[in-house]
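Please brief me on this protein model.

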Amino acid sequence: MDDRKTIKDFETVALDEERDAVVIIDQTLLPGRTELISLKTAQEIWDAIYLLKVRGAPAIGVTAALGIYLLTNRIQEEDFERFYQKFREYKEYLDSSRPTAVNLSWALRRMEKICLQAGRAEKKSVEEVKEILRREALLIREEDVEVCRKIGEYGLTLVKPGDGILTHCNAGQLAAVKYGTATAPIYLGQERGYGFHVFADETRPLLQGARLTSYELFSSGVDVTLICDNMSASVMSKGLVQTVFVGCDRVAANGDTANKIGTSLVAIAANYYKIPVYVCAPTSTIDMETATGEDIHIEQRPGEEVTKMWYQEPMAPEGVKVHNPAFDVTDHRLIAGIVTEYGIARAPYTESLRAVMEKKRKNS
């Protein structure tokens, strides 16, 4: 890749119809190397999601939508019901790759709904259904850009020029198609001369903050400082942070949110220092069927991510037990607001989130 390019010059997720592939930035290679890889098979798409080659709730959803179109476009069936049976097999397989990120299942369900509407209700031919699926997948991708921009506009109303902003994990452009969620106010503010100073937690054990957030912000010219996870309270105590922006992978109906492990600790520290915590969440991550955070299934990752992954030699005794949840749940009482593309929801979240979803329904 051209060293003069920044991360903004690359698309996180795209459809390459000439090569019959979904093309992504392989995020496991960052920041050392920016490499685009082509995903052509169901196994390659599943692996890319599970192995975090593509990650972040919005980007996962877009990858799933483009991927299910790509796979079903190759099905050689003229009978819709046989076509749909194979569609379902691909859908269930891709859906098994990451259980916590609701955008994955959301995008696949949306693609399934449009498939059934066209094939069963409207009696379209299989070829027509394929074209409808193609358009829907590309629409999901286009919508992601606009959703993140709107989140950025709402988020920007919560901060002022010169503020210090802390973020955890990566809810940036690499986690979406463009802008990101938690970084959207940062990017828009930079374009408008706000002069933010951003603190990025390294985010153990997979270092998404160090490898991805600090990389993309630094590459884009944002004033960013990388800190270890256990330093957040220290910078808060010194008055260096005025706002916390984080993303999330699922929002429960009561406002509890699941985000990368360590987010709840950031929120606890921020509340102690009376710093507002805002969760930037596309409405596609809001799961009104999940009552509270206790009902969110938390993915457990391999212990080797903690003991071996970033070291030349293991940094823990061989055979020691490792607890490695990918996410934790931040209690809604620690959250000052949930920033969506339809506005900012505030407590009581059972009411405000319902209002946001109703606004979305009326605008759909």
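**Gln27 and its surroundings**

Gln27 is in contact (heavy atoms within 4.5 Å) with Thr12, Leu52, Lys53, Val54, Arg55, Leu174, Arg211 and Leu212, leaving aside neighbours within four places in sequence. This is a predicted model: local features need pLDDT of at least 70, side-chain atom pairs count only at pLDDT 80 or more, and totals for chains, interfaces and linings use all residues. Residues are numbered from 1 along each chain as its sequence is written, and side-chain values use heavy atoms, with hydrogens and water left out.

- Gln27 sits in the loop between β2 (21-25) and β3 (36-39). Helices (H or I, at least four residues) and strands (E, at least two) are DSSP runs, numbered from the N terminus.
- Gln27 counts as buried because its relative accessibility is 0%. Buried means under 20% relative accessible area, exposed over 50%, and partly exposed in between (1.4 Å probe, protein chains only).

**Cysteines**

- The structure holds 0 disulfides. A disulfide is a pair of cysteine sulfur atoms within 2.5 Å.
- Cys228 is in no disulfide, and the nearest cysteine sulfur, that of Cys169, is 16 Å away.
- Cys228 counts as partly exposed, because its relative accessibility is 28%.
- Cys115 is buried, with a relative accessible area of 1%.

**Helices**

- The axes of α3 (residues 80-95) and α5 (residues 126-156) come within 10 Å and cross at roughly 35 degrees. Axes are lines fitted to C-alpha atoms, for helices over the stretch in contact, and angles run from 0 to 180 degrees between N-to-C directions.
- Phe80, Phe83 and Phe87 of α3 meet Val126, Val129, Lys130 and Leu133 of α5 in this contact.
- By class, the contact of α3 with α5 has 6 nonpolar, no polar and 1 charged residues. Ala, Val, Leu, Ile, Met, Phe, Trp, Tyr, Cys and Pro count as nonpolar, Asp, Glu, Lys and Arg as charged, and the others, Gly among them, as polar.
- In α9 (residues 263-272), the buried residues include Thr263, Ser264 and Val266.
- Lys274 follows α9 and has a positive phi, near 60 degrees.

**Cavities**

- There are 2 cavities of 30 Å³ or more. On a 1 Å grid over the protein atoms alone, a cavity is a set of points where a 1.4 Å probe fits but cannot get out; a pocket is an open set with protein on both sides within 12 Å along at least five of seven lines; lining residues have an atom within 4 Å of a point.
- The largest cavity has a volume of about 200 Å³. Grid points are joined across faces, edges and corners, and a volume is the space filled by probe spheres set on the points.
- Its lining has 22 residues, and Arg55, Gly56, Ala57, Asn170 and Asp249 are the closest to its centre.
- The second largest cavity has a volume of about 50 Å³. Its lining divides into 5 nonpolar, 2 polar and 4 charged residues.

**Pockets**

- The largest pocket holds about 950 Å³ of space. Of its 33 lining residues, Trp106, Arg110, Ser284, Lys360 and Ser364 lie nearest its centre.
- α4 gives the largest share of this lining, 9 residues. By class, the lining of the largest pocket has 12 nonpolar, 7 polar and 14 charged residues.
- The second largest pocket has a volume of about 260 Å³. α9 gives the most to its lining, with 3 residues.
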